[in-house]
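I am starting a notebook on this structure.

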Amino acid sequence: FSVTPRLAVLPSRSPREVEPWEGAAAMAQEHQEYIQQKVNPVLENLVTQLLLERPEQLAPFMIKWLSQNSKTPAAAAFTEGVNVLSELKVEMEKLQEEVKDLEKQVQTKYGNGIQNLEETEEEEEVDELEPPPAYLKKGPRNSVSAEAYGQFNPEKVFVPPVYPKSEEQKERLSSILKDSFLFAAMDSNEVAILIDAMQEKIVENGTRLINQGDDGDCLYVVDQGQMNCFIRQSDGCERKVKECTAGDAFGELALLYNCPRAASVEAAERSVLWALDRESFNNIVKKAAVAHREQLEEFLQRVPLLQTMEVYERSSLCDALQPVTFREGEVIVHQGEIGETFYLLEEGTAVVSKVYVPGTPAKEVMRLGHGDYFGELALLNNDLRAASITCASATCRCLALSRRTFDRLLGPLEDILRRNATRYD
């Protein structure tokens, strides 16, 4: 509330007289500090653990984690914070109403003098505004948030760096990135730019590359060797939570969520890594992921089968679908094999063929195109594949869903799927 500091220039006012709204503002500040200092640390630890372990069932995992960590100061503060959240909300609403009433009182008492004085001083302050030095000196902030751009942090034109590599290194790195979920949304051109932007880093055995709580400016992909991840416990001891070997990536959480390092990472042996800096990650990987996510959500909205799903359910489906590409003539599904995957056809054309009498040629049943799906019968009936599906265009880009995820996310659509199963007859 910007009126309070201006009252110092008005006549007939005791220099130490405390206005009612000052107490309200102080209380609001106290609530804000409580949330930042007590509640946020537990939320950050909980989110970090969720991202590290990626449980299928979120609620039971969170309850178990809170129970196990209930004796830590941060968890105790969180529990206390949960109990008083509703009270804080009510108090905040009351404070806002009080501030509005006090504004009216001040305006009635002093007329337009305050407003004119504020406008004059604000105009003068705009010309003297300078970027805060602490913000410019400090990189990642101590909270989980997205990268912010504005007057003090303008988004620059990005020119991807290029670090020389041999063809063998490029092929090896391309093979590693192709199998990593972090880069699954990227096309071949984006992967090529990403490979050029990655810098080789050799780490000797026992070297601690990352310390928990530090600011993070790079992610790393393991080419050779092993890196161990440790999390500091409430008693000060460290617990190993993950072993990163060839093909694994680590350090991405600090870049994805602009938060401090969630774990410490140490070399278990001499290792060869590829480092990607924050700016390259944001402009190559994150933007590609955001663009792909938007395209995927738009695609799912147009699939007739999924139109009865809620927005949240489609969003969960977006997170679970894995892109996979097939070339012309490649058999995606073989009749008679065990089925473990459900497919949505995002791009291309596929042919459904079926052998009705053993020993006779397969007959074409139908053709599938953009938005069609297949592979559901074996999952619904726990049976073998009823037909073969072959890529009939230059490429077929599919979105795959495992049996376990299919049962969890598409269970409510079982009646529709069974009703449409007659199309294969």
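**Entry 1. Two helices**

How are α11 and α13 oriented to each other, roughly parallel or roughly antiparallel? I looked up the packing: the angle is about 170° and the axes are 10 Å apart. Axes here are lines fitted to C-alpha atoms, for helices over the stretch in contact, and angles run from 0 to 180 degrees between N-to-C directions. Under 35 degrees counts as roughly parallel, over 145 as roughly antiparallel, 65 to 115 as roughly perpendicular, and the rest as oblique. α11 and α13 are therefore roughly antiparallel.

I then listed who meets whom. S316, L317 and A320 of α11 meet T405, L409 and L410 of α13. A contact means heavy atoms within 4.5 Å.

**Entry 2. What I am looking at**

This is a predicted model, in which local features need pLDDT of at least 70 and side-chain atom pairs count only at pLDDT 80 or more, while totals for chains, interfaces and linings use all residues. Residues are numbered from 1 along each chain as its sequence is written, and side-chain values use heavy atoms, with hydrogens and water left out.

pLDDT is the predictor's confidence in each residue, from 0 to 100. The chain averages 77, and 74% of the residues score at least 70. Over residues 120-146 the pLDDT is below 50, and that stretch has 39 contacts in the model beyond near neighbours in sequence. Residues 1-15 stay under 50 too, with 25 contacts beyond four places in sequence. Where pLDDT is low, predicted coordinates should not be read in detail.

I noted 14 helices and 16 strands in the chain. These are DSSP runs numbered from the N terminus: helices are H or I with at least four residues, strands are E with at least two. Of the 425 residues, 36% count as buried. Buried means under 20% relative accessible area, exposed over 50%, partly exposed in between (1.4 Å probe, protein chains only). Among contacts between residues at least 6 apart in sequence, 75% join residues at least 24 apart.

**Entry 3. Around α11 and β16**

Which residues of α11 are buried? I found R314, S316, L317 and C318. Their cover includes α10 (278-302), β16 (395-402) and α13 (403-410).

I followed β16 next. Six of its eight residues are buried, so the strand is largely enclosed by the rest of the structure. Strand β9 (residues 322-327) runs antiparallel to β16, joined by six bridges. There V324 has C398 as its bridge partner. β11 (residues 341-347) is also antiparallel to β16, again over six bridges. T341 is bridged to S402. Two strands pair if DSSP finds at least two bridges between them.

**Entry 4. A sheet of four strands**

In what order do the strands of the open sheet run? I read β1-β8-β3-β6, with antiparallel pairing. β1 and β6 (249-250) stand at the edges with a single partner strand each, so one side of each has no neighbour in the sheet.

Strand β8 (residues 271-277) is mostly covered, with six of seven residues buried. β1 (residues 199-203) pairs with β8 over five bridges. β3 (residues 218-224) is joined to β8 by six bridges. C218 partners D277 there.

**Entry 5. Cysteines**

How many disulfides does a search of the whole structure find? The search gives zero, taking a disulfide as a pair of cysteine sulfur atoms within 2.5 Å. For C229, the nearest cysteine sulfur belongs to C244, 3.8 Å away. C229 is buried at 8% relative accessible area. C237 is partly exposed at 47%.

**Entry 6. Two single residues**

Is E252 buried or exposed? I found E252 buried, at 11% relative accessible area. E252 sits in helix α9 (residues 252-256). E252 touches L182 and L219, leaving out residues up to four places away in sequence.

L66 is in helix α3 (residues 58-68). At 24% relative accessibility, L66 counts as partly exposed. L66 and V42 are 24 residues apart in sequence and 9.1 Å apart in space, C-alpha to C-alpha.
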